[in-house]
Amino acid sequence: MLSKLENSTTLRWLGKQLFNREDPAAFFDPLLAPLDPMLVRQYVPARVERIEAETADTKTFTLKPAARWGGFRAGQHVTVSIDIDGRRHNRTFSLSCSPLRWQKEGLVTLTIKRLPGGLVTNWMHDHLEPGAVIGLGEAFGEFLIPGQPEPVLFIAGGSGITPILSQLETMAAEQYHAPVTLLYFVRTQADIIAAQRLHSLRQSWPAFSLSILATETGATPRFLNDDHLDAVPGLRARRCYLCGPGGLMELATDLLHQRGIADDHIHCTFFAAPKAALAGDSLGGEVRFSRSDVTVTAEGEVSLLDIAEAASLSPRYGCRMGICHQCSCTKTSGTVINRLTGKTSGPGEEKIQLCVSVPKGPVNLEL
């Protein structure tokens, strides 16, 4: 019955008019949630099965998503939805286990570091307990391992190891025979995430080489340098994967370029969206949300997503980094600048991403 409701154009229209929703199956959520929160339809529910400490500020959350969840590929992200003090918050995290675990056990893991001042990460560390149910979006992202075996270099920093853990365990399970090297930078030995899993991979997988480098244990910091890369056999033939703090990513990219590694062999995924330098004095303007009949004025380098939320609107979004495209919206007129690329849009109708678009003068949106 629910699938028929979801596929009915008439009921979707009726639901939109009566309940401001396009998902009729979710009408039953207030009744289903108290009985079994795993039955709700507005989002994919995932039950917390286990929580394990990795370091003093990092925990791994083992989740059991509802069977209708679509699965993932190694290196991808998911958007998590959590209710805190009556308000729903969405955040994006990397999956830290192999897809094989989902396929065999119906389980997935998120390995999450507590962030200073972070609302969602801190709440999850302090209040989330086994048995709780949270929302899980469908997986997305193009930080994917090669389809055919070829030499690979991974460079990770801190919690940037999380998507790489998924990739390494997947490659090991598939008996990936080309050379694979991981350079993993942490502040101290106490900050190593998934140490046991990494050492187990090194012992059981002959193609894998592991170097864990503690940057703050000596008299001077030990950051990525020429010596580290010169020690990687056949570096110029490697496909390179980078994940970690922005400074490490920029340094690694520069050093790889100096060694003749082309951009199409360097793959990056980010904790936060990189930003192009924008001319602040030309930004901002009147923004009209036509469907909501709301008009506001913004100044400076503020994204359209932030502007909409400040105007008490609730547009759909996911990663807030320009990756997942869940916040895509139609701009009917006006000009915006993409804060990732610095490129200016045309003045006419086009699809834009609210989270990375900054108005440059008056803008009209179908929202």
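This is a predicted model: local features need pLDDT of at least 70, side-chain atom pairs count only at pLDDT 80 or more; totals for chains, interfaces and linings use all residues.
**Aromatic rings around Tyr241**

The structure holds five aromatic pairs. One of them joins Phe143 and Tyr241 in an edge-to-face arrangement, with 5.5 Å from centre to centre and 75° between the planes. Phe143 sits in the loop between β6 and β7 while Tyr241 belongs to strand β10, so this pair ties together parts that are 98 residues apart in sequence.

Which other ring pairs with Tyr241 in a tilted way? That partner is Phe154, whose ring centre is 5.3 Å from that of Tyr241, with 35° between the planes. This pair also links distant parts of the chain, since Phe154 is in strand β7 and Tyr241 in strand β10, 87 residues apart. Phe154 has a relative accessible area of 0%, so Phe154 counts as buried. For Tyr241 the value is 1%, so Tyr241 is buried too.

Elsewhere, ring pairs link Trp69, Phe72 and Trp102 into a cluster.

**Salt bridges**

How many salt bridges does the model contain? The count comes to 13. Here are some of them, with the distance between N and O.

| Salt bridge | N to O distance |
|---|---|
| Asp83 and Arg88 | 3.0 Å |
| Arg239 and Glu150 | 3.2 Å |
| Glu350 and Lys331 | 3.3 Å |

Take Arg239 and Glu150, whose side chains meet in a salt bridge. Arg239 lies in strand β10 (residues 239-243) and Glu150 in the loop between β6 (133-136) and β7 (152-157), so the pair ties together parts that are 89 residues apart in sequence. Is Arg239 buried or exposed? Arg239 counts as buried because its relative accessibility is 16%, and the cut-off for buried is under 20%. Glu150, at 21%, is partly exposed.

Now follow the salt bridge between Glu350 and Lys331. Glu350 is in strand β15 (residues 350-353) and Lys331 in strand β14 (residues 328-338), so here the parts tied together are 19 residues apart in sequence. Glu350 is partly exposed at 27% relative accessibility, whereas Lys331 is buried, with a relative accessible area of 0%. Salt bridges can also share partners: Asp226, Asp230 and Arg259 are joined into one network in this way.

In the salt bridge of Asp83 with Arg88, Asp83 is partly exposed at 43% relative accessibility. Arg88 is partly exposed as well, with a relative accessible area of 31%.

**Helix α6**

Next, find helix α6, which runs over residues 161-173.

Among the buried ones are Ile161, Pro163, Ile164, Leu165, Leu168 and Met171. The buried set also includes Thr162, Ser166, Gln167 and Thr170.

Where does the chain take a positive phi of about 55°? Look just after α6, at Gln175.

Conventions:
Residues are numbered from 1 along each chain as its sequence is written. Side-chain values use heavy atoms; hydrogens and water are left out. A salt bridge is a side-chain nitrogen of Lys or Arg within 4 Å of a carboxyl oxygen of Asp or Glu. Buried means under 20% relative accessible area, exposed over 50%, partly exposed in between (1.4 Å probe, protein chains only). Helices (H or I, at least four residues) and strands (E, at least two) are DSSP runs, numbered from the N terminus. The expected span of a helix is 1.5 Å times one less than its number of residues. Rings of Phe, Tyr and Trp (its six-membered ring) pair if their centres lie within 6.5 Å; planes under 30 degrees apart count as stacked, over 60 as edge-to-face and the rest as tilted.
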